Amino acid sequence: MARPGSGLLVPMNGLGYPPQNLARVVVWEWLNEHGRWRPYSAAVCHHIENVLKGDARGSVVLGQVDAQLSPYIIDLQSMHQFRQDTGTMRPVQRNFYEPSSAPGKGVVWEWENDNGSWTPYDMEICVTIQNAYEKQHPWLDLTSLGFCYLIDFNSMSQTNRQSQRKRRLRRRMDLAYPLIMGSIPKSQSWPVGASSGQPCSCQQCILVNSTRAASNAILASQRRKLYGGTAGNPGATGTLTVVRQSNTFAGTSLWSPTSGSSGTNNNNISVGGGQAKAEQVQLPLSTANFPCSPVMPSLSSAHGHHALTINGQNNLNRPGTQRISMGTARGAIPPGVPALPVKNLTGSGPVHPALAGMTGILMCAAGLPVCLTRAPKPILHPPPINKSDMKPVPGINGMRRKTKKKHLRRGKNPEDVVRRYTEKIKVLPDEDCTICMERLVMSSGYEGVLQHKGIKPELVGKLGKCGHMYHLLCLVAMYNNGNKDGSLQCPTCKTIYGEKTGTQPPGKMEYHVIPHCLPGYPDSKTIRIVYDIPAGIQTNEHPNPGKKFSARGFPRHCYLPDNEKGRKVLKLLIMAWDRRLIFTIGTSSTTGESDTVVWNEIHHKTEFGSNLTGHGYPDPNYLDNVLTELSAQGVGEDNLKD
């Protein structure tokens, strides 16, 4: 089939403006963590355009039009979306499409996610699907757009060409996106002392305007130093490259030279100055119109030294260069510069995340001397390791464990299990059985529901370790509702009798020592654990026997310090794996997906070199906490053989 064309994307400068007298549909988009530009709804885009007409240097409160977006603000000066409660920043952009395209007609194409709700396609894909739909093509291949999906308009479905999984899709009508015509004057950076009218008295506007006033005053001072600083400094031997503020609105170029140039091509912009050093301007490789990546500013004010580093916009969708650019940018920060965290996940630092993020946006847009780096990302894995560097864990035999279907235990006779861990009571106390809530002096509430030879409804037993008493028939009913693995767990105090096992699906566990240390354990190497469980079919012990279950995110890598306590934890984790207690099948608390492999109340550390998500190091209490969790599953230190 002929490939349908996508909507016209007009090249942008700053915010991006169409040629004069040319009608275009405006779609505002934000950059997600996967490097995809996601469109705001038509109603939100209308709201942004209305604010833009009134104050092209202001900010847009998205919660005024969509209650679900109440934490978010768009700063039009720096072209970033800012989340007030966490301080997270994401780039935004303003795209243009033909009035006859999907956004111009108010057509929205959506696919059904795992939760049964509908997710809109990226606007580029939506335009392509709508074009094919209007041309009455029976199907559409999205491979050329980087997606291995096949759209079938007859069945209104999307098929993954690799996994053959099908999802429903739908076409619905919504509000058309805003239409503009003609040229719009580009916005300038904030002039010193400028005022845009009477400010609002809300807390956010007070913060914005007070920060602007301070920024303008500092900017004026810095300009005096830049343009007149060398005249009064006879000891300066370097040359000064004069700089001016850029008119670019998207924040991709805050400074541009009026004389002189750098002899190297670098994907960062750097401005530095000192009494005996020449200021240098390193131009970006390209002035392509992509917004800046998420940034973390640091303020430099020590001894008149100022630096500006902005990660190149061309690195936006290239993970390989992101890591290099981040290292380069951090290396350019002068020693001792205080950090102003924009995204403060761990709660550390004296600056509130919202205040830090807003201040960073405003000072960046004002052209102040700040050091900008990308927002921190979790360091999930260590550097690449040769297989020869992976060593067995001292004191532990082997490096691998497997569970297969033949390892699944068969159920044991319920009466025998109950009798093994209880003793009969002749004198009954005047209290309730906490399983059936009937008095112990009365018959079990399961009388007539369960019938077992040798166990009468009125018999009462006391558990050996904890001493709690129940109807024996109630204990049989509780056992039948569990894994039937030969163990009992007291419903009152959770004391475990016997060897508790779980319902973990078949899989593989590997463990070895790698020659790297974890944060907080500089003198120890690292134990790496790798869990791998494939997708499969649920059995009778699982929630939905005969139904498929998924296994997302495998293999999963986890880390322990290679010290005495870390090796003890590993031994107990191996025991828990053998008892099928590490994972189970249920509903993911992260994605909401049901019938999938999930963790089973034994926490693991999955971040190697950071602790941004709370699943990494340093965490001085983790080893003690996980020992407690293992003990709650019946895997205690008393199970270890000396």
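Author: Let us begin with helix α9, in which G566, V569, L570, L572, L573, I574, M575, A576 and W577 are buried. Please bear in mind that this is a predicted model.

Reader: How should the spacing of residues along a helix be read?

Author: An α-helix has 3.6 residues a turn, so residues three or four places apart point the same way. In α9, the buried residues include V569, L572 and L573.

Reader: What covers the buried residues of α9?

Author: The cover includes the strands β20 (400-403), β26 (507-514), β27 (526-532), β30 (556-561) and β31 (583-586), together with α10.

Reader: How does the span of α9 agree with its number of residues?

Author: Helix α9 runs over residues 564-578, and at 1.5 Å a residue its 15 residues should span 21 Å. The C-alpha atoms at its ends lie 22 Å apart, in agreement with that value. After α9 comes R580, which has a positive phi, near 65°.

Reader: Let us turn to charged pairs. How many salt bridges does the structure hold?

Author: In general, side chains of opposite charge can pair when their charged atoms come close. The structure holds 27 salt bridges. One of them joins the side chains of R172 and E110, at 3.0 Å from N to O. This pair links distant parts of the chain, with R172 in strand β12 (residues 166-173) and E110 in strand β7 (residues 107-112), 62 residues apart.

Reader: Is E110 buried or exposed?

Author: E110 counts as buried because its relative accessibility is 5%, under the 20% limit.

Reader: Which residue forms a salt bridge with E423?

Author: The side chain of K462 meets that of E423 in a salt bridge of 3.8 Å, N to O. K462 lies in strand β22 (residues 460-463) and E423 in strand β21 (residues 422-424), so that distant parts of the chain, 39 residues apart, are linked. K462 is partly exposed at 28% relative accessibility, and E423 is partly exposed at 44%.

Reader: Where do D619 and K605 lie?

Author: D619 and K605 form a salt bridge, with their closest N and O atoms 2.8 Å apart. Both lie in the loop between β32 (596-599) and α10 (622-632), 14 residues apart. K605 is buried, with a relative accessible area of 4%.

Note on methods
Residues numbered from 1 in each chain as written. Predicted model: local features only at pLDDT ≥ 70, side-chain atom pairs only at ≥ 80, totals over all residues. Heavy atoms only, no water. Salt bridge = Lys/Arg side-chain N within 4 Å of Asp/Glu carboxyl O. Helix = DSSP H or I, 4+ residues; strand = E, 2+ residues; numbered from the N terminus. Buried < 20%, exposed > 50% of the residue type's maximum accessible area, 1.4 Å probe, protein only. Expected span 1.5 Å × (residues − 1). Contact = heavy atoms within 4.5 Å.
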